[in-house]
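Please look through the sequence and the structure shown below before reading on. The report then takes up charged pairs, a strand and its partners, the nonpolar cores and the aromatic rings.

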Amino acid sequence: MKKAVLLVVLSLAAFGQDRVDLQIVDRIKAEAFDRSEVMETLRNLSDVHGPRLTGSPGFEDAAKWAMGELTGYGVDKVHLEKWGPFGRAWTLEQSSLEMVEPRYSQLTAVPLAWSSSTNGPVTAELTLAPVTVSFIEGPKKYQEAWQAYQAAWTGKLRGKIVLITVPKVPAQQTRPQFRRYTDAELADLEKAPDPAAKLTAKKLEDLEWPDPADTGKFFNSLSNNLMEQIYDLYDQVAADRGAFFAREGVAGVVLEDTRAHEGLLFAEAAGAFKSGGTPAPPTFVVTAEQYNRIARLLEKKSPVSLRLSLKAATSDRDVDGLNIIGEIPGGAKRDETVMIGAHFDSWHTGTGATDNGAGSAVMIEVMRILKALNLKMDRTVRIGLWGGEEEGLFGSRAYVKEHFADPRTQRVTSEHAKFSGYFNLDNGSGKIRGVYLQGHEAMRPVFQTWLAPFRDLGVTAISIRDTGGTDHLSFAAVGLPGFQFIQDPLDYGTITHHSDMDTWDHAVPEDLMQASAVIATLVYEAAVRQDMLPRRELPKPE
Ligand SMILES: [Zn+2]
């Protein structure tokens with residue numbers, strides 16, 4: 001008896017009321033490293049079942065596979081939760097873009113999602129009509145510039161293939177395309193940002209809009225509600241553009257992406273994906289180098305024509321959005337929940353390996369590790385693999401609204417009171433280097449203690465900063481502790497994010513194994529902690 005007590009004392013590293021069970025950490029590391037299945041899970045999510053565009057049959061097939069895996073690991077209540085009509089299903093079946101004049105050339109190009117199909121191959125003349133209008137300059141300037149653009153081009157584009165980007169030779173890539181955070185960069189992330197009041201106007205239109213160069217800081221100071229209006233505006237820009245070109249009867253639209261370099265293709269959505277909106281015409285993104293060649297020929301009045309063809313299987317009405325949910329029931333406090341999650345959907349040109357097959361595979365692996373070790377946990381551990389993240393965090397928002405609270409009213413459910421916290425992974429395949437506290441100071445000592453056994457695996461930084469752009473925001477918006485980790489950038493921002501090179505090859509096995517061990521440990525500790533995680537005040541209704 002005494003011996004057992006001594007063992008327990010030795011194996012607990014303590015900080016305040018929090019502690020970490022080093023014997024459990026040891027077992028978790030062994031399971032996550034020696035018997036890892038994370039890369040095989042990711043291979044299935046990407047090579048076999050990718051891409052996973054929201055609303056597509058591909059997403060559903062992948063979801064079925066993931067549910068089978070979770071069930072096979074012994075996870076309970078694995079099921080799909082519908083979150084309402086998302087938009088039209090869209091699956092690419094065939095596409096090509098070729099130069100036929102002045103010389104034949106097969107172009108490296110992909111259609112943007114939700115583009116309309118052509119009626120077989122179409123050869124057409126080109127017009128350079130660059131859209132320089134951007135939402136970045138705010139709704140008022142956008143509307144004015146967009147009206148002017150339409151006035152200038154109405155009636156002039158019928159039957160043409162329209163080039164809509166200002167040609168721009170990609171910058172020389174002088175920085176490494178693959179990198180890890182340096183100690184200095186992590187130390188920087190640990191510094192608190194300068195205090196700044198949140199902008200709280202009700203409508204975007206009421207805000208003084210900054211110089212485009214300062215928009216980063218500006219966006220960071222926006223309330224959730226205003227940020228949502230920015231997303232809506234962004235969608236509106238694409239929908240307006242698609243609808244205009246469709247009305248004008250263009251044969252197709254070709255563009256170059258501002259992030260493009262070295263033959264990479266970055267591709268998101270063309271226009272409306274809801275059944276009520278006007279679908280965009282066939283819209284292709286082509287490599288910067290090829291786009292620029294075409295534009296130079298046009299500018300010098302050399303004859304140039306393209307042939308395009310596109311066939312996509314679509315539905316004509318909105319299909320349901322889906323989240324994948326499953327859980328490991330707790331013991332003494334089974335009505336309390338700790339949750340992990342990642343978005344499961346991807347864009348359509350790569351296989352969605354790093355965005356966000358990696359996060360999904362790690363979270364599935366965490367559930368596997370917890371089950372394989374048969375760890376006794378007081379609270380229930382739940383996994384949520386979200387749909388519709390890429391189009392606006394739809395899946396996690398709907399889940400939070402359904403189960404916990406609507407941020408517009410902040411009227412909380414009974415589940416809200418029993419929810420401990422949420423951990424998210426969605427910044428590529430980079431290993432975990434720390435965590436963003438989202439301003440939640442009371443979590444600092446908790447993370448300090450729980451992450452201590454991972455210092456020698458590179459986990460050192462605890463940042464008070466917010467990070468945005470992914471599903472932990474849905475939880476934080478209703479006052480629930482929700483966190484996204486600091487991850488090594490690798491080649492996520494330079495090569496794979498929303499590109500055709502988002503493939504399994506760019507996932508780093510040791511990084512995903514590390515992330516699996518870190519998150520399994522946090523989840524275990526959160527599930528056996530005496531109290532639920534500390535909370536911040538409930539935000540005001542939006
Ligand atoms: Zn993404």
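## Salt bridges

Lys418 has a relative accessibility of 34%, and it therefore counts as partly exposed. In this predicted model, Lys418 makes a salt bridge with Asp335, and the closest N and O atoms of the two are 3.2 Å apart. Because Lys418 belongs to the loop between helix 12 (414-417) and strand 13, while Asp335 belongs to strand 11 (residues 333-343), the pair ties together parts that are 83 residues apart in sequence. Asp335 is also partly exposed, since its relative accessibility is 45%.

Side chains of opposite charge can pair when their charged atoms come close, and a search of the whole structure finds 23 salt bridges. One of them joins Glu327 and Arg382, with an N to O distance of 3.1 Å. This pair links distant parts of the chain, for Glu327 is in strand 10 (residues 305-328) and Arg382 is in strand 12 (residues 379-386), 55 residues apart. Glu327 and Arg382 are both buried. Another salt bridge is formed by Arg179 and Glu185, whose closest N and O atoms are 2.9 Å apart; Arg179 is partly exposed at 24% relative accessibility, and Glu185 is partly exposed with a relative accessible area of 24%. Salt bridges also link Glu31, Arg35, Glu365 and Arg368 into a network.

## Strand 16 and its partners

Strand 16 covers residues 482-487, and because 6 of its 6 residues are buried, this strand is largely enclosed by the rest of the structure. Strand 13 (residues 419-424) pairs with strand 16 in the parallel sense, over 3 bridges, and within this pairing Gln484 of strand 16 is the bridge partner of Asn424.

Strand 14 (residues 432-436) is joined to strand 16 by 3 bridges as well, but these two strands run antiparallel. Here Ile432 stands opposite Gln487 of strand 16.

In soluble globular proteins, nonpolar side chains tend to be buried together. In this model the largest nonpolar core has 71 residues, of which Ile28, Ile340, Phe344, Leu370, Phe423, Phe447 and Ile519 touch the most other members. Helix 16 (residues 509-528) supplies the largest share of this core, with 12 residues. Apart from this core lies another one, of 33 residues, which includes Val131, Val133, Ile230 and Val253.

What does Ile519 touch, once its neighbours within four places in sequence are left aside? Ile519 is then in contact with Ile340, Val362, Met363, Val366, Leu425, Ile432 and Phe485. One of these residues, Ile432, is the residue described above as standing opposite Gln487 in strand 16.

## Aromatic rings

The count of aromatic pairs in the model comes to 29. Among them, Tyr399 and Phe404 form an edge-to-face pair, with 6.0 Å from centre to centre and 65 degrees between the planes. Tyr399 counts as buried because its relative accessibility is 2%, and Phe404 is likewise buried, with a relative accessible area of 1%. Elsewhere, ring pairs link Trp83, Phe86, Trp114, Phe273, Trp347 and Phe394 into a cluster.

Phe344 has been named already, as one of the residues that touch the most other members of the largest nonpolar core.

Notes
Residues are numbered from 1 along each chain as its sequence is written. This is a predicted model: local features need pLDDT of at least 70, side-chain atom pairs count only at pLDDT 80 or more; totals for chains, interfaces and linings use all residues. Side-chain values use heavy atoms; hydrogens and water are left out. Rings of Phe, Tyr and Trp (its six-membered ring) pair if their centres lie within 6.5 Å; planes under 30 degrees apart count as stacked, over 60 as edge-to-face and the rest as tilted. Buried means under 20% relative accessible area, exposed over 50%, partly exposed in between (1.4 Å probe, protein chains only). Helices (H or I, at least four residues) and strands (E, at least two) are DSSP runs, numbered from the N terminus. Two strands pair if DSSP finds at least two bridges between them. A nonpolar core is a set of buried Ala, Val, Leu, Ile, Met, Phe, Trp, Tyr and Cys residues joined through side-chain atoms within 4.5 Å. Contact means heavy atoms within 4.5 Å. A salt bridge is a side-chain nitrogen of Lys or Arg within 4 Å of a carboxyl oxygen of Asp or Glu.
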